[in-house]
Amino acid sequence: MGQSDGEHEHEGDDLSDDDSSGSDGVWSEDDNEESLSFEDSGEGSGSDSESDDAAAAEESDSSEDEVAPRNTVGDVPLEWYKDEEHIGYAIDGRKIKKRDREGRIEAYLRKADDAKNWRKIYDEYNDEEVQITKDEAKIISRLLKGKTPHTNVDPYPDYVDWFEYEDKGHPLSSAPEPKRRFVPSKWEQKKVVKLVRAIRNGWIKFDKPKEERNLYLLWGDETDTADNKRHGLSYIPPPKPKLPGHEESYNPSIEYIPTQEEIDSYQLMYEEDRPKFIPKRFESLRSVPAYEKALREGFDRCLDLYLCPRTRKKRINIDPESLKPKLPSKKDLRPYPKTCYLEFKGHTSPVKSISVEITGQWLASGSCDGTIRVWEVETGRCLKVWNVGGDVRHIAWNPSPDRPILAAVVGHDLLLINAEVGGEEMQMRVKDLLKIDEMAPQDDTDKKPAVRWMKHEKLDGITLIHQKAVSNVEWHYKGDYFTTLTKKHSHHPFRKLPGLPVAATFHPSQKMFFVATKKFVQVYDLQKAQLVKKLESGLREISSISIHPGGDNVIVGSKDGKLCWFDTDLSTRPYKTLKIHSKDITSVTFHRKYPLFASSSEDCTAYVCHGMAYSDLNQNPLIVPLEILRGHSSSDGRGVLDCKFHPKQPWLFTAGADSVIRLYCD
């Protein structure tokens with residue numbers, strides 16, 4: 001169909017032109033009769049029937065179904081004739097001239113005067129205006145409403161059953177139903193078996209799917225194309241050279257051109273650091289000379305392409321957050337020490353060891369200044385000072401609340417002294433325990449004992465003189481026994497140790513004894529006097545050891561900054577190894593009540609970790625680092641020398657080489 005010559009568009013639901021006052025008719029639609037009628041307005045009421053027939057004949061002559069198109073160019077686009085004076089050729093070969101187009105003002109005036117303008121359509125191919133008839137208007141109106149073109153067509157006729165009627169005398173067929181309609185056909189089964197056998201033997205070949213054209217991006221990545229797969233190996237594209245930038249231009253900007261001073265400074269650089277291209281400015285592209293290093297760089301590029309081996313890196317798209325273990329929040333693991341609450345100052349040399357009394361009221365410390373001090377924990381007041389005349393290497397408080405006795409390693413020997421805390425009855429009881437008779441002098445011919453007990457000359461205590469220097473002392477959890485470490489041969493059953501002992505401690509509830517050498521931790525049964533288990537640490541050298549209050553887990557610190565957690569019920573090898581310190585670990589300790597453990601190091605830090613050991617053997621211990629405690633300063637390359645937990649509160653005491661003891665609280 002052609003396009004309307006006017007700019008005014010008529011909607012499909014309303015085919016009447018009410019805008020013109022001089023219209024000769026109004027279209028109206030009767031929904032019940034499904035027809036479109038034409039009613040005369042005031043001006044055309046006096047016309048007779050002959051004029052109506054003549055108008056109908058004139059309208060029917062313009063129908064495209066009855067009149068053949070004048071233009072014979074066919075489907076040729078009319079855009080080809082936009083610069084020509086004609087739009088095609090008639091049936092006799094005559095050119096069809098373009099009609100002169102009138103202006104918009106003239107067209108508007110003509111439309112206003114013509115009442116039938118809304119029924120006119122412009123035909124581009126024939127370059128003429130066509131006026132549709134009333135029947136064509138009805139058809140168009142019904143099509144726009146989604147109805148059938150003609151009113152006499154019923155789109156929903158009643159169904160007629162041609163095989164059921166009232167007067168039928170005989171059915172179409174009175175034969176009985178054959179048996180083959182109810183039984184599977186054996187001939188069809190044989191045919192299917194034959195086809196299956198032919199397909200399996202390759203006698204019947206199906207049509208191969210048509211191969212699609214191998215399309216590829218001209219300037220895209222060529223890694224996935226089939227042509228680049230050679231001998232079954234994936235093709236690895238060569239690295240692309242760097243594209244030229246602004247400095248490679250023949251007329252670069254001023255900021256890209258180096259000064260003479262910069263060019264002179266290039267000569268002082270190494271050849272690999274020196275820029276390979278120095279930008280220059282030329283007046284035109286004709287004056288640009290040939291590149292000196294073009295042949296050399298092309299040769300180097302060829303060498304890079306076939307001599308440089310290339311490997312494809314397999315990258316796996318994994319979210320880094322999914323690789324992290326799901327740990328509980330720190331807020332859920334409180335309380336734990338994280339803030340320095342109090343400082344104990346009084347020593348003048350590095351504090352090598354500290355020990356907390358079992359009730360948590362008193363703190364004992366030993367320093368290289370030759371003194372032992374007892375502090376009140378809540379106030380930080382120094383209660384007692386003993387000058388023992390030698391370096392205090394280690395100190396331990398008796399775990400029994402009825403026996404306030406301090407065991408201190410002073411010089412080469414061990415000193416047991418009364419802490420002088422508690423009531424008078426307790427003081428008398430401790431003095432009776434530390435009272436010994438003078439030993440008779442022994443002859444030189446007799447074998448010297450391993451330990452000699454002697455009363456201290458100045459202090460109210462006992463000195464245990466060993467043949468070799470004592471390095472460590474630990475009490476039994478009941479306070480009845482203690483152990484010392486020396487380089488001398490040990491008692492039975494500890495004589496066959498795989499090396500010199502480094503640390504030793506008692507089991508918190510059983511008759512077991514743990515001895516740590518440089519590489520191993522050996523577990524002995526004191527009642528049976530035999531070796532029970534041997535733990536392999538895999539560390540360079542063990543420095544300290546601590547036992548969990550449950551007795552089934554052990555932590556070991558080493559001189560290479562590593563901490564190992566052993567689950568003795570699980571394996572003899574470490575369950576978890578933590579690299580938390582950069583220098584030697586000086587001490588490790590468990591809390592008696594809370595699921596906490598800590599480690600101190602010579603890097604001036606102390607780590608506090610959450611360590612929950614479960615009674616269920618199917619559940620692994622939960623280890624979560626919590627806090628890094630800082631505050632101590634380094635002295636002679638040493639940092640934090642010892643750390644101990646408060647027996648009842650989540651507090652941590654640290655002793656540093658800066659002669660200060662710090663208390664960290666939640």
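1. Salt bridges number 15 in this predicted model, where a salt bridge is a side-chain nitrogen of Lys or Arg within 4 Å of a carboxyl oxygen of Asp or Glu. Local features need pLDDT of at least 70 and side-chain atom pairs pLDDT 80 or more, whereas totals for chains, interfaces and linings use all residues. Residues are numbered from 1 along each chain as its sequence is written, and side-chain values use heavy atoms, without hydrogens and water.

2. One of these contacts joins Arg 110 and Glu 129, at 3.7 Å from N to O. Arg 110 belongs to helix α2 (residues 104-113) and Glu 129 to strand β6 (residues 128-131), so the pair connects parts 19 residues apart in sequence. Helices (H or I, at least four residues) and strands (E, at least two) are DSSP runs, numbered from the N terminus.

3. Glu 343 and Arg 662 form a salt bridge at 2.8 Å, N to O. Because Glu 343 lies in strand β7 and Arg 662 in strand β33 (residues 660-665), this pair ties together parts 319 residues apart in sequence. Arg 662 is buried at 12% relative accessible area, while Glu 343 is partly exposed at 31%; buried means under 20%, exposed over 50%, and partly exposed in between (1.4 Å probe, protein chains only). Glu 343, Lys 345 and Arg 662 are linked in a salt-bridge network.

4. Strands β7 and β33 also belong to an open four-stranded sheet, ordered β7-β33-β32-β31 with antiparallel pairing; two strands pair if DSSP finds at least two bridges between them. The edges are β7 (339-345) and β31 (640-645), each with a single partner strand, so one side of each lacks a neighbour in the sheet.
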